[in-house]
Protein chains: 2
Amino acid sequence: MPRSVDRPLPATAWAVLGILSFGEELTGYEVRQWAEHSLRFFYWSPAMSQIYSELKRLEQVGYASSRTITGDDTRTKRVYTITGPGRVALAEWVEGTPVEPPVLKHGAALRVWLGHLATPERLREIVAQHRDNAQRLCDEAEFSRRTAADVPGWAYPELVARWATRYYAAERDLAEQMLTDLDELASSGRAPGRDPSG
Amino acid sequence: MPRSVDRPLPATAWAVLGILSFGEELTGYEVRQWAEHSLRFFYWSPAMSQIYSELKRLEQVGYASSRTITGDDTRTKRVYTITGPGRVALAEWVEGTPVEPPVLKHGAALRVWLGHLATPERLREIVAQHRDNAQRLCDEAEFSRRTAADVPGWAYPELVARWATRYYAAERDLAEQMLTDLDELASSGRAPGRDPSG
């Protein structure tokens with residue numbers, strides 16, 4: 001008997017159940033591959049340990065089930081699938097639960113905010129690195145979009161990957177504008193000086 | 001004697017210490033007001049309990065100190081200030097520590113990714129609400145920027161607030177583009193249908 005759901009599941013559990021909702025029977029490792037290919041661009045890049053703890057939780061409440069199969073290499077592996085009640089609960093979560101506000105923890109912006117404690121060269125380096133990372137993520141999201149475009153039933157993942165491609169392109173451009181602003185501030189003489197000695 | 005720093009402080013501790021690094025002596029409540037006016041746009045909107053636990057941690061390692069003063073209303077209150085070692089440690093963190101990649105948990109994008117489980121009307125509602133929230137945050141970040149522009153020594157907070165204003169304007173525009181994409185998908189007949197019964 002599945003344990004009753006006595007408190008709301010965290011969004012990370014719904015995200016893992018969401019991966020199973022595309023209909024395939026997946027190992028924990030494959031769930032992680034799906035996450036790396038899609039979820040990480042807009043939500044979460046989970047560790048294997050997090051995937052397994054969410055799958056265990058989903059099984060306990062009856063939203064996922066698992067079985068052991070023998071792979072081509074004769075080794076056994078455990079595969080997970082969404083259950084009927086799991087699909088109903090997930091659809092209710094998407095359709096009826098208030099959407100939590102986006103979480104953004106922007107380490108580069110935090111450093112620039114503390115620019116009075118850093119050298120202008122260090123701030124430039126931080127923002128330039130962020131710009132380059134954003135370009136890389138933009139390329140990776142575009143690759144994810146092209147892959148999704150070939151799969152029937154993945155129209156929504158494709159649409160979100162398109163959004164992610166634009167998001168990281170915007171991040172790249174915002175970083176470029178920030179570099180311009182930093183250069184202007186440095187040459188204006190208005191930049192608060194570094195004085196770590198207090 | 002301050003306790004030694006036996007393990008790295010989390011970024012949230014540095015963020016609170018960062019608020020004190022602008023040089024004012026602040027109560028916990030005032031630290032929270034600063035966070036609401038700046039940090040929340042790019043990093044963190046901390047609860048009072050989180051502020052107090054970070055301030056306690058910072059005092060324990062000797063990076064902040066506090067004293068009790070009597071306010072205008074004759075009630076006592078505790079005010080916090082950054083110490084010399086705290087300023088040095090924070091500057092070292094900004095200057096020398098690798099920047100952690102941005103964390104983004106985008107609940108609206110997660111729902112759209114699971115669009116095969118929702119009605120088109122619900123997806124529109126979620127994205128339109130996100131667009132309106134982004135516009136509100138854009139306006140609030142611009143207000144924060146204008147306030148910072150009047151304060152000597154806040155050139156970097158002003159610069160980051162300008163970045164945040166552009167960031168939320170981009171979020172708004174990206175949501176608008178997503179609405180267009182959703183409408184096109186709905187009218188194309190390619191949208192995977194909702195089938196919550198499994």
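Modeller: Two residues are taken to be in contact if their C-beta atoms, placed from the backbone, lie within 7 Å. The model discussed here is a predicted one.

Colleague: Against which elements do the buried residues of α2(A) pack?

Modeller: By that contact criterion, the buried residues of α2(A) pack against α1 (11–20) and α3 (48–60) of chain A.

Colleague: Which residues of helix α2 of chain A are buried?

Modeller: In α2, which spans residues 28–37 of chain A, the buried residues are A:Gly28, A:Val31, A:Arg32 and A:Ala35. They are on the same side of α2(A), because the arc they cover around the axis is only 100°.

Colleague: Why does A:Val94 count as buried?

Modeller: A residue is called buried if 20 or more other C-beta atoms lie within 10 Å of its own. A:Val94 has 27 C-beta neighbours inside 10 Å and therefore counts as buried. This residue belongs to helix α4 (residues 84–96) of chain A.

Colleague: Which residues does A:Val94 touch, not counting residues up to four places away in sequence?

Modeller: With those sequence neighbours left out, A:Val94 touches B:Arg111, B:Leu114, B:Leu117 and B:Ala118.

Colleague: How many residues does the contact take from chain B and from chain A?

Modeller: Chain B gives 61 residues to the contact and chain A gives 62 residues. On the side of chain B that touches chain A, the elements giving two or more residues include α4 (84–96), α6 (120–149) and α7 (155–188) of chain B. The largest share of that side, 15 residues, is from α7(B). By class, the side of chain B that touches chain A has 37 nonpolar, 14 polar and 10 charged residues.

Colleague: What makes strand β3 of chain A and β3(B) a pair?

Modeller: Pairing requires at least two bridges found by DSSP between the strands. Strand β3 (residues 103–105) of chain A and β3(B) have 3 bridges, in the antiparallel sense, and they pair. For A:Val103, the bridge partner in β3(B) is B:Lys105.

Colleague: Which domains does the domain assignment of chain A give?

Modeller: The assignment gives domain 1 (11–96) and domain 2 (107–188). Taken over C-alpha atoms, the centres of these two domains of chain A are separated by 29 Å. The contact takes 5 residues from domain 1 of chain A and 8 residues from domain 2 of chain A. On the side of domain 1 that touches domain 2, 3 residues are nonpolar, 2 are polar and none is charged.

Notes. Residues numbered from 1 in each chain as written. Chains lettered and ligands numbered in written order. Predicted model: local features only at pLDDT ≥ 70, side-chain atom pairs only at ≥ 80, totals over all residues. Buried ≥ 20, exposed ≤ 12 C-beta atoms within 10 Å, placed from the backbone. Helix = DSSP H or I, 4+ residues; strand = E, 2+ residues; numbered from the N terminus. Arc of directions from axis to C-beta. Nonpolar A, V, L, I, M, F, W, Y, C, P; charged D, E, K, R; others polar. Domains from an automatic or database assignment.
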